[in-house]
Amino acid sequence: QVQLVESGGGLVQAGGSLRLSCAASGRTFSKYGMGWFRQAPGKEREFVAAISWTGGSTYYADPVKGRFTISRDDAKNTVYLQMNSLKVEDTAVYYCAQGMLYSDYFVSHPAAVSSWGQGTQVTVSS
């Protein structure tokens, strides 16, 4: 199974920025759609952002539209989540997720996930 390793989480003040990275093992990274999810204490895991395996399409959850940007660098087997104008309500554990091979569906639901990262904590202070 592929291994996904997140990094870049931490503590940031409201209004600040943070960039998360997710490095994937294996030689077929470019054939998978990727996504980011988050889970706050006492809440269900929710979709944040997704990018197609072609890299040509992105999709965002309403709460992060205009503030977060997902991108990928296939040469580095890495997907990124640039988070700007962070809010306290963005505080959560953020998970990197890999979709199904060559799937044209966005990785926007747990059922579409073939592999999860271990998660990285993002804490936004007021």
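Visitor: How many aromatic pairs are counted in this structure?

Guide: In this predicted model, the count comes to 6 aromatic pairs.

Visitor: Why is the pair of phenylalanine 47 and tyrosine 59 called stacked?

Guide: The ring centres of phenylalanine 47 and tyrosine 59 are 5.6 Å apart, and a pair requires centres within 6.5 Å. Their planes stand at 20°, whereas stacking requires planes under 30 degrees apart; the pair is therefore stacked.

Visitor: Which parts of the chain does this pair of phenylalanine 47 and tyrosine 59 link?

Guide: Phenylalanine 47 belongs to strand 5 (residues 46-51) and tyrosine 59 to strand 6 (residues 58-60), so that distant parts of the chain, 12 residues apart, are linked.

Visitor: What makes phenylalanine 47 count as buried or exposed?

Guide: Its relative accessibility is 14%, and buried means under 20%; phenylalanine 47 therefore counts as buried. Tyrosine 59, at 41%, falls between that limit and the 50% above which a residue is exposed, so tyrosine 59 counts as partly exposed.

Visitor: What makes the pair of tryptophan 53 and tyrosine 102 edge-to-face?

Guide: The planes of tryptophan 53 and tyrosine 102 form an angle of 90°, with 5.2 Å from centre to centre. Because planes over 60 degrees apart count as edge-to-face, the pair receives that name. Tryptophan 53 lies in the loop between strand 5 and strand 6, and tyrosine 102 in the loop between strand 9 (92-101) and strand 10 (115-116), 49 residues apart.

Visitor: How do you know that tryptophan 53 and tyrosine 102 are partly exposed?

Guide: Tryptophan 53 has 23% relative accessibility and tyrosine 102 has 44%.

Visitor: Which residues form one aromatic cluster?

Guide: The cluster consists of Phe37, Phe47, Tyr59, Tyr95, Phe106 and Trp116.

Visitor: Why is arginine 45 said to sit over the ring of tryptophan 116?

Guide: The charged end of arginine 45 is 4.6 Å from the centre of that ring, and the distance criterion is within 6 Å. Arginine 72 likewise lies over the face of phenylalanine 29, at 4.6 Å from the ring centre.

Visitor: What makes strand 1 and strand 7 stand at the edges?

Guide: In the open sheet of 4 strands, the order is 1-3-8-7, with antiparallel pairing. Strand 1 (4-7) and strand 7 (68-73) each have a single partner strand, so one side of each lacks a neighbour in the sheet. The twist averages 15° from one strand to the next.

Visitor: How do you know that strand 7 and strand 8 pair?

Guide: Pairing requires at least two bridges, and 6 bridges join strand 7 to strand 8 (residues 78-83), the two running antiparallel. Phenylalanine 68 stands opposite methionine 83 in strand 8.

Terms used: Residues are numbered from 1 along each chain as its sequence is written. This is a predicted model: local features need pLDDT of at least 70, side-chain atom pairs count only at pLDDT 80 or more; totals for chains, interfaces and linings use all residues. Side-chain values use heavy atoms; hydrogens and water are left out. Buried means under 20% relative accessible area, exposed over 50%, partly exposed in between (1.4 Å probe, protein chains only). A charge sits over a ring if NZ of Lys or CZ of Arg is within 6 Å of the ring centre and within 35 degrees of the ring normal. Axes are lines fitted to C-alpha atoms, for helices over the stretch in contact, and angles run from 0 to 180 degrees between N-to-C directions.
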